[in-house]
Amino acid sequence: MAFVLMATVLAAVYVDLAWFREQFCSFLCPYARFQSVMMDDSTPTIAYDTRRGEPRGKRGASGDCIDCGLCQRVCPTGIDIRQGLQLECIQCGRCADAAMAS
């Protein structure tokens, strides 16, 4: 009986994290909701700097953002940080790391 229970829980977690990852982070995980409540003026945040990044375009244009979309692809919740601070953002920093890698 214990093996069946563990196998069921393992299968449910696998299905959840393999196929419903973005939905889990956006709707079920309470971390993003709690994080937004606990923020104040001195909390470090990851945000897109429009003065530095815009206008988007190829390298050599006046802005630093090359509009590759890598920041959105690596985000566990699938948001675009260039659209401003969003509730689904869990401040993981993957978007900043993707920008440094490109």
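**Figure 1. Residue classes in the lining of the largest pocket.** Of the residues that line the largest pocket, 14 are nonpolar, 3 are polar and 6 are charged. The model shown here and in the other views is predicted. The lining consists of 23 residues in total. The volume of the largest pocket is about 660 Å³.

**Figure 2. Centre of the largest pocket and the helices that line it.** Tyr 48, Arg 52, Cys 95, Ala 99 and Met 100 are the lining residues nearest the centre of the pocket. At least two lining residues come from each of α4 (50-53), α5 (70-74) and α6 (94-101). The largest contribution is that of α6, which supplies 5 residues.

Figure 3. Gln 91 sits in the loop that runs between α5 and α6. Its relative accessible area is 17%, and Gln 91 is therefore classed as buried, the limit for that class being under 20%. The Gln 91 side chain comes to 2.7 Å from the backbone nitrogen of Ile 46. With neighbours within four places in sequence left aside, the residues in contact with Gln 91 are Gln 35, Thr 45, Ile 46 and Leu 85.

**Figure 4. Cys 68 and its separation from Gln 35.** Cys 68 belongs to the loop between α4 and α5. Cys 68 has a relative accessibility of 37% and so counts as partly exposed. Gln 35, one of the contacts of Gln 91, is 33 residues from Cys 68 along the chain, and the C-alpha atoms of Cys 68 and Gln 35 are 28 Å apart.

Key. Residues numbered from 1 in each chain as written. Predicted model: local features only at pLDDT ≥ 70, side-chain atom pairs only at ≥ 80, totals over all residues. Heavy atoms only, no water. 1 Å grid on protein atoms, 1.4 Å probe; cavity = no way out; pocket = protein on both sides within 12 Å on 5 of 7 lines; lining within 4 Å. Points joined across faces, edges and corners; volume = space filled by probe spheres on them. Helix = DSSP H or I, 4+ residues; strand = E, 2+ residues; numbered from the N terminus. Nonpolar A, V, L, I, M, F, W, Y, C, P; charged D, E, K, R; others polar. Buried < 20%, exposed > 50% of the residue type's maximum accessible area, 1.4 Å probe, protein only. Polar contact = N/O pair within 3.5 Å; in protein donor to acceptor, adjacent residues only side chain to side chain. Contact = heavy atoms within 4.5 Å.
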